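Biologist: I would like to learn how to read a model like this one. Could you take me through its features in turn?

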Amino acid sequence: MKTVWRSMTDPQTSIITHDVVTSSNEEKDIRYRSLFLASRDAVMTLEPPDWKFTSGNPATIALFGTKDEKEFLSYEPWRLSPEYQPDGKKSIDKAKEMIEKAMKEGSNFFEWTHRRINGDDFYADVLLSRVEEDGKIFLHALIRDISKQKEMEKELLRSSEEKYRLLIEHLHDGIFIIKDEKIQFINESFARMAGYTGEDILGKNFIGFIAPSSKKLVAEQYRKRLKGEHSLDEYEAQLLRKDGTVIDVLISAGIITYQGKPATMGIAKDISARKKAEREIYSLTNKQRTILQAIPDIIMEVNNQKKYTWANQPGKDFFGEDVVGKEVDFYFEGEQKTYEKVEPLFKGSDDTIYIESWQRRKDGKKRLLAWWCRTIKDEKGNVTGALSSARDITEQKEMHTLLRESEQKLKAIFDSSPIAKFVIDQNHTVTYWSKALEELTGITAKEIVGTQYQWKAFYKTERPCLADLLIERSFDKISQFYHGKYRKLKLLEDSYEVTDFFPDLNKNGKWLHFTGALIRDLNGTIIGAEETLEDVTEHRKMEEKIIEDKSKDEAILDSIGDAVFACDKDGNIVLFNRMAEQLTGFADKEAIGHHYSQTLQFIKESDETPSIDFIAQAITENRITEMANHTVLVRRDGVKIPVADSAAPIKNVKGEIIGCVVVFHDVTHEREVDKAKTEFVSLASHQLRTPLSAINWYSELLLSGDNGTLTPKQRQCTEGVRQASMRMINLVNALLNVSRLELGTFTIEPELVCVQEIVKTCLEELKPEIEKKNLIMRESYESDVSRIQADPKLLAIIFQNLLSNAVKYTPKNGTIQVILGKKNDDILISVSDTGIGIPENQKERIGTKMFRADNTHTIDPDGTGLGIYIVKEIVKGSGGNFWFESSTGESLPAGRQGTTFYITMPKSGMKKKGGVRKLI
Amino acid sequence: MKKVLIIEDEQTLSAVLVDKFVKDGFEVFTAKDGREGLDMALKIHPDCILLDILMPVMDGITMLGLLRKDAWGKHAHVLMLTNLSSTEKEMTSHALGVEDYMIKTDWKLEDVVKKVREKIGVAYE
């Protein structure tokens, strides 16, 4: 049955339709037809094969804007559409696709863009349904114009877009959109983060703004996401800012459609602060790790589960590289007891626990480790684990054992020794107290070893002992406590020697001499100190007595104005008084103990040869010897001091010579005075001679008669004058000689002389006098010494003086005897007379300057008193000896009256001597 | 006549020496110091010079040294006639060619004359 459908636009228009076959069908048809005609939606049909529209309701006509249904029926769906659909597909192709799908599946609902007759495009929802009727299959289409809807949607989108835009703009995080690898959009925050403005960035390739470190990662993620492959939801990367710095960001991105095309939109969160903190912590941790690594000790960290969480390299070296993660028990096999000690740590104890345990090293060997363990707590105070450091003390322990063994041995040795000794360790605890010390102090080892009561043995109140001060290295305190009583020993480092009085030992106290020294181990580490003591009370008493005596002697010696020194038989000085120090320039400490030649330099003034024979002579010849005249002492600084005096032997109780004492004094002043005197005398002599020459010569002229003959009386007078002047001249000569003798500057020029001849010459001069007094001359010359080495002039002076004295003081008919002989090894000369003799009480002064014995004045009022002095000085100065024997006849039997002068000189004769002047 | 030069600062002594030598037949010249003596010696070339030591202006030893530098002076006969006992001066004069060092007070006048005659090789007239 054909059905007539009415068009929407004209309900009156009828459409030829097929008749309805049945009545129910007719009903249906009518219903459909009214629906068809009245529906506001565009309803139409299309039939294969070309799918042209076969019907269309008035709504359809109105929708497409065709003139009428007829026009409408000339179209296919795609012709009432633009050439391309929004997704880019050709309308004809897509339409056929849709149609096919509807035919296959029975219906198809999809969006479509149609085009009206006037060319306007509009969005539509299309519902295609397959209809079967009378064996015919065709499609029923319902098209709904959704343009308005779309408009609203757009509007909504726009307004929500607006909202989003605002949101995006004010978002703290950076937002970016990348399409085709180019940045399409960035928000304010992103621009700020990146340090760029919009212009700089937009349109540019995003890779350029990624820091090199992150380029690979970011590019990879971008590609993966676009492809639809698995990509990271969020990841960390670094952006490259405009100023070249980098900024850490957390990127999370997703695919969106941007302007119709797929694009990546992402959020970049600034995580630079967090990253910085992270890095700091990392470096801190790293530092700590490095430190921990550098410590040679083993350092291990365990957690609450008692598993090792960290070990430094030494730890790994010991336990093996795989120690981290292992359980602690594993390494404590067989050491349960020790392991238990560590338990308190995990309970929160804050103590450092020390344990020693044997553990197996990774090479299998068992080693003794010393552990120091501490808890690790978090900020809240909860125990998170423990940290321990360990040291391998296997060798140390072995050494200790050995030491202990040897200590025992040493102790045994010490105990048998008589030396009082005690030892303290670094903590001032007594570790050893010898038997001898027990006896000395009355304190037993049992009482004191292990304590710090060493002071009790010596002092009433507590104070450090020398050993204590040494341990403390308080060297300045040593000088405080033992001021003036201590000495640092040179042989041993850091060792001192003290002698001190301990009033609290014994009843009256004791003098102890003790040495303190540090004890070191092989490495040089101080492990203790020891003191070795000696009771020197008795010794000390004796010393004090000696010192007392010594002080007395010293006081005496020091108060003497002379320099005194004494030496032993070998010439080593044992005594040196203050004056000696002054004159020599050496301190007694420097002189005592050394040979006198080291500090005393006596030389001859004339030739600066040493002049020390007198010392040795005193010792060997057992007599007092005098320093040679004009001995000079060379002081330490080189200054020469003229000295004089003597040396005498020192004998012990047995009478044996054990040394020599020498006394001398500075004669500079005396010499100067003398020198002044003699110089004066020299000059005076010269001055005196001048007028004397005049007197002499004028007298001579007168007496010669050249100026007229003298009457006998005149002759007599003149003669008197002449004689007087002659005497004056002699005196002046004598004075001059004396001055030379004093100065020791006369020369001695020995030559082989015949003594007899010199005597003869002298006697010649005295002939008148001898004949007048009728004196008997006797001479005797031993043949082998008749010729001797002597200065003829000096020898002449000697004989002149002695003989003239003899002649002068021997009364008429007396005898004068000259003997030349030997005495032991010496040459002996004697001149004896039977004259008046020298009074006993004046014998000592004979030979002193200008001394004349009382009994001479009547015989010769004009004598100079210099004659014997001159002889004595000459003989002494030429190496000989001079003495006399005399008797005035008052005490001795008569007939023995007279004087004999003796001279000895060495066989070698007079010693040659250089000088300044010859004696007259 | 032989010439003798007496170099002596002491007037009295000089006078008595002059007296003696004149009496003895010498031509006598005198000088009162070493300077004068030197000049005179070089001028008159005496046969003998009696030379004192201690004199003002120039002492005898200095004069002697200068004298010996002269061609004639080198060989002049000089006798030291002094009151100064000095080994040193004696040695120096000896080194300067003077053989005789005479102490005035030890010598008689006539012995001095004898010595001079000896020196210049003139026998007693």
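Modeller: We start with chain B and then turn to rings, charges and helices in chain A.

Modeller: First, the ground rules. This is a predicted model, where local features need pLDDT of at least 70, side-chain atom pairs count only at pLDDT 80 or more, and totals for chains, interfaces and linings use all residues. Residues are numbered from 1 along each chain as its sequence is written, chains are lettered from A and ligands numbered from 1 in the order in which they are written, and side-chain values use heavy atoms, with hydrogens and water left out.

Biologist: In what order do the elements of chain B run?

Modeller: Helices (H or I, at least four residues) and strands (E, at least two) are DSSP runs, numbered from the N terminus. Chain B has five helices and five strands. They run β-α-β-α-β-α-β-α-β-α from the N terminus.

Biologist: What percentage of the residues in chain B is buried?

Modeller: Buried means under 20% relative accessible area, exposed over 50%, and partly exposed in between (1.4 Å probe, protein chains only). Of the 125 residues in chain B, 52% are buried.

Biologist: Why is the pair Phe110(A) and Trp112(A) edge-to-face?

Modeller: The planes are at 80° and the centres 6.0 Å apart, so Phe110(A) and Trp112(A) count as edge-to-face. Both are buried.

Biologist: Which charged ends sit over a ring?

Modeller: The test is NZ of Lys or CZ of Arg within 6 Å of the ring centre and within 35 degrees of the ring normal. Lys456(A) has its charged end over the ring of Tyr453(A), 4.3 Å from the centre.

Biologist: At what angle do the axes of H26(A) and H27(A) cross?

Modeller: Axes are lines fitted to C-alpha atoms, for helices over the stretch in contact, and angles run from 0 to 180 degrees between N-to-C directions. Contact means heavy atoms within 4.5 Å. The axes of H26(A) and H27(A) come within 9 Å and cross at roughly 145°. Residues making the contact include Leu794(A) of H26(A) and Ile868(A) of H27(A).

Technical notes:
Rings of Phe, Tyr and Trp (its six-membered ring) pair if their centres lie within 6.5 Å; planes under 30 degrees apart count as stacked, over 60 as edge-to-face and the rest as tilted.
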